[in-house]
Structure formats: C-alpha cells, structure tokens
Amino acid sequence: MGSSLNANHLVYLLHGAVWTIGLSLIAFIGGGAVGFLVALSRISPLRALRLASGAYVQVIQGTPLLVLMFLLYFGLPTIGIKISPLLAAGVSLTIYVAAYIGEIWRGCIESVPKQQWEAAETLALTRTQRMFKVVLPQAIQIATPPTVGYMVQVIKATSLASVVGFVELARSGQIINNSIFEPFIVYLIIAVLYFLMCYPLSRLSRRLERRAGARGQEEFSFSS
Amino acid sequence: MNSVSSANDRPVVSLRNVYKSFGALKVLQGVSFDVRRGEVTAIIGSSGSGKSTALRCIDRLETIDSGEIEVCGHRVDGRIDDLKALRLDVGFVFQSYNLFPHLTIEDNVTLAPRAAKRLSRPEAQKLAHQVLERVGLLDKIQAYPEQLSGGQQQRVAIARSLAMQPKVMLFDEVTSALDPKLTGEVLRVIEDLAAGGMTMVMVTHEMGFARRIADQIVFMHEGQAWETGPAEILTSPRTDELRQFVASEF
C-alpha cells in the first residue's frame, strides 16, 4: 500500500506481457485455422456454405469483441457451462479473428488471376488440386503483408481479455495501479510494452508490402 | 494405331450446330465443323467472330447453350460425367501463357503429370526433360517463368501441355502477345508438332502460317463456320466474306 514502483512490479508487468503474447498466439492460430475455413467456405461452389460463412462474417464483424467476451464468460455459466477466463478469452478471440482474417484471405485468394485456375483446369487438376497446388501458394504471397499487419490488431485486441479477469499485460497494469496509484507511469510503461510488441510487426508488414510491390511492378513491366 | 478403322475415321473433335450466348450477345450461332486425327485445323476470322469461344467450348472452359460437341469420344455438351477424362485428352495453350509463377519451369511441367496422372517424381521429371528438350528450353529447367521471355514462356506452356500426352491440342492465339521474332520461335515449335502428327486446332491471326501448315481452314463469321475447307480456300475463297477477310489480312 502506497509503495512506489519497483522491480517486482516490472517483473509482474513483463509476466503479463508474456501472457499477452500467449493470448495473441492462441488468437492467431485459432483464428487463422477457423479463418482459413471461412475463406474457403466463402468461395465454395456450395451455396449453403457460402451463405453460412457470409452470415458468420457479417454477424461477428458487427459485434464488439468486448460483448463477445462477456457473452462467453458471463453468459455461458447461466446456462450451466462454466468457462475459465483463458478459455473465454481464447475462444472469443478465435471467433473474432476468424471473421476478419477469413475475409482478408478470401480477397487474396480471389486476387489470383482467373487464368491460373483455368490453366490448372485444362491440365486435368481437380478443384482441390487447383486450390492447393496452384492458387493458394500464390495467394499466400499476396496475403503475407496484410496478415502480418492484422497481427498488430490482434495483439492490441487481447487487452480486452482483462475485462473477464484474465491477467495479461493490461490487467496486470490495472492490478499494480490499484496498489500504488501511479496511473500515469504505469500505463505509460504498458503503452511502451505494447508498442515494443507491435512495432516490429508493423515494420515487417511494411517491408513485405514493399517487396511484394516491387515484384508486382517487375511482372507488370515484363508483360507490357 | 491398332484400333479398329471405324474409330480412326471418327473425327477427334466434332461440333454440330453449336449455339452460345453471353447474355444478350450471341457469340456462336450454329457452328459445325470436324477435326480429323493427325490434322491441323486453323480457325480464322475477325475479332468477335467467335473463334476463341468455339475453341474454349471444345475443352469445356465455356458451356454451350445448344448443339453437340464430341471430343475424343467424350460428349462435351450438356451434363458431363467425366470432365477429368476430357482434360486428360485435350491440351490447351493460352494467349497469355498462364504459367504458374510460383513454380520453376520443371515444376510447371511436372505438376499435372504428377497430380492428375499420379506419375512418380522421377517419371515426371524424365517426361519434363523430353518435352523441354523438344521446345528447346532444357537449359531453363530450373528458372522461374518471370525470368523467361514471352516466347520462351509460351514454349514452356506448350511443353507443359505436351507432358500430359494429349490426343488433341488447342491453341488460342498463342502468338498474339509476341513480337515477330518471338512469334517465329513459337510457330517453329508448333510446326514441329504438326510434323510429328499431333492433332491440333489453332485460333490464329498468322495467315501465312495457317496457309502453310493447316490441313483445314475454318473461317468464322457472325458466329458460324462460314467457310470450311483445305488451305486453298485462302487463295480462292468461295464466299465474299472470306475474300474480304483474306484481302484485309494479307
């Protein structure tokens, strides 16, 4: 009570930062896996899959992540399903990230020229082979810069997990501030830590984008 | 060559009264022609006459509204139960090459034999060597498409199609994006295939080339095979439309 910021507090914050990274990875791996299925469903020849995945994207993109977390953490227990803060945060982030990254990836898949599909088709490849051997490898190159850029959003979005009591970076800051009442310095440190996690990714994304741009330029000048 | 003679006499490709519209645009209005085994058919005509669409219908890259198409014994009109069998028999070369930019030349060529025909890697690589040697690009086998000139890319596209050992090859204005020098090197490859007895249908603007190697000319006009016959019809056309077209092209 009333003590000033010391090394123990910093260790506690760093511990929270580690959980922020962990939660980001869960969100990204889970959201990426589900998002990949969303992307494939959105361009599926099956109408039912297209409609269902389209509805999913619309609903989730129109719902705040905060409400999603409340719904899972406070809502589910009322119908008899108890859920830990980590699970609530992990699942809601997965659901949320999938809706956005699925749309990013759908756009990347669709930006591979139609002629590539056609060429693969005339070579007797099945639809699955066309997708996995011809289109997706090219779509991944296109998708890398925006995907890395979106990871920055994911890292920042994990701070919302603090509302269900999960102790990641933002929550650990709140806890320390509650005991030493130094909001300015504490939240400044937290901001710096978030920045240190996000900045390298922003840089990487921009660099990948420039490289992809240069490659596109080359191809353009070649074909003209 | 040991199949019964009735199978040999049957056309490899046969179009009967084919109709095709894109919305209100009537592209094919009753196209009929046959392609016999081992022959080269050149489809000529001004732009918008339906040449490319007719060619694309043969490989079912477009579906038709009515009429009949038979290709290597496969019915291509209406519902088709085995699209893969059709694609295994038909090779298609595009104007824009459409090589796979993320794969080396070798992988471009081996992809389909491995994926669609289940060849082992060594078998497919052997095949790739043969076809790339045939188009004179064996030295580019480890290169990527973007490192090649347009003419070289088109020759790789032909090799890629050849590696599937198709019974008939379709060429859709394959030299239209190339300058005269590069056009020459691609045409030489096609001529070599013709000499080897490959059945081919080519949409082309190269009138001199068509006259030299085509066994059959199909002149398309207003969505129909307006005049069909041996290469001689280019020098002595029966219809005014072909006469005008020939006059404008030479």
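View 1. Strand E1 (residues 13-22) of chain B pairs with E2(B) in the antiparallel sense over eight bridges; strands pair if DSSP finds at least two bridges between them. Helices (H or I, at least four residues) and strands (E, at least two) are DSSP runs, numbered from the N terminus. The model is predicted: local features need pLDDT of at least 70 and side-chain atom pairs count only at pLDDT 80 or more, whereas totals for chains, interfaces and linings use all residues. Residues are numbered from 1 along each chain as its sequence is written, with chains lettered from A and ligands numbered from 1 in the order in which they are written. B:Tyr19 has B:Gln29 of E2(B) as its bridge partner. Helix H2 (residues 51-58) of chain B packs on the sheet and touches E1, E2 and strand E4 (66-71) of chain B; the direction of H2 makes about 120° with that of E1(B) (axes are lines fitted to C-alpha atoms, for helices over the stretch in contact, and angles run from 0 to 180 degrees between N-to-C directions).

**View 2. The open sheet of chain B and its edges.** The sheet holds four strands in the order E2-E1-E4-E5, with antiparallel pairing. Strand E2 (25-35) and strand E5 (74-75) of chain B each have a single partner strand, so one side of each is left without a neighbour in the sheet.

**View 3. Helix H7 of chain B and its buried side.** H7 (residues 180-195) of chain B has 16 residues and reaches 22 Å from its first C-alpha to its last, close to the 22 Å expected at 1.5 Å a residue (1.5 Å times one less than the number of residues). Its buried residues are B:Thr183, B:Val186, B:Leu187, B:Val189, B:Ile190, B:Leu193 and B:Ala194 (buried, 20 or more other C-beta atoms within 10 Å; exposed, 12 or fewer; partly exposed, in between; C-beta atoms are placed from the backbone). B:Gly197, whose phi is positive, near 90°, follows H7(B).

**View 4. B:Lys140 in a loop of chain B.** B:Lys140 lies in the loop between helix H5 (121-134) and helix H6 (150-162). Beyond its neighbours within four places in sequence, B:Lys140 is in contact with B:Ile105, B:Leu148 and B:Gln152 (C-beta atoms, placed from the backbone, within 7 Å).

Key
Contact = placed C-beta atoms within 7 Å.
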